[in-house]
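Welcome, and please open the model in your viewer. We will take a short walk through it, one selection at a time.

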Amino acid sequence: MSLLGRLTAAFLAESAALAALWLAMGGAAAVLSAAATGGRPLPLRPLLPRALAGAAGALAVGSLAARLSLPEPLWLQIGRREVPVVWSLAGALVGAAAHLLAARRRAGSPA
């Protein structure tokens, strides 16, 4: 395999691992936010948009924390990228909560 092929394969593997990590954080935040609202457990389909919002929050806040060199007790190295785990989890919770509030506001019920 050529150098370009190896670099491309490494980039795709790192990107897939990062996406899986952030999606797992978003999924956990979606389940936690569903449990925190006191409702019964939701089926998978309604949780998917909330999980994606949580993954977007984890990506945004984790990347911002890394860029600003904010203090972080737990770093995870994936390929050439370091992920601040606590900040990413906080971002996932914020993203899932924002989706929950937006969905409630759209439905017309008080937040």
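Here are the stops, with what to select at each.

Before you start, note that this is a predicted model, where local features need pLDDT of at least 70, side-chain atom pairs count only at pLDDT 80 or more, and totals for chains, interfaces and linings use all residues. Residues are numbered from 1 along each chain as its sequence is written, and side-chain values use heavy atoms, with hydrogens and water left out.

**Stop one: E14.** Select E14, which sits in helix α1 (helices are DSSP runs of H or I with at least four residues, strands are runs of E with at least two, and both are numbered from the N terminus). Is E14 buried or exposed? E14 counts as buried because its relative accessibility is 18% (buried is under 20% relative accessible area, exposed over 50%, partly exposed in between, with a 1.4 Å probe and protein chains only). Now show its contacts (heavy atoms within 4.5 Å): apart from neighbours within four places in sequence, E14 touches I78, G79 and R80.

**Stop two: R80.** R80 is exposed, because its relative accessible area is 66%.

**Stop three: L52.** Finally, select L52 in helix α2 (residues 44-67). With 47% relative accessibility, L52 counts as partly exposed.
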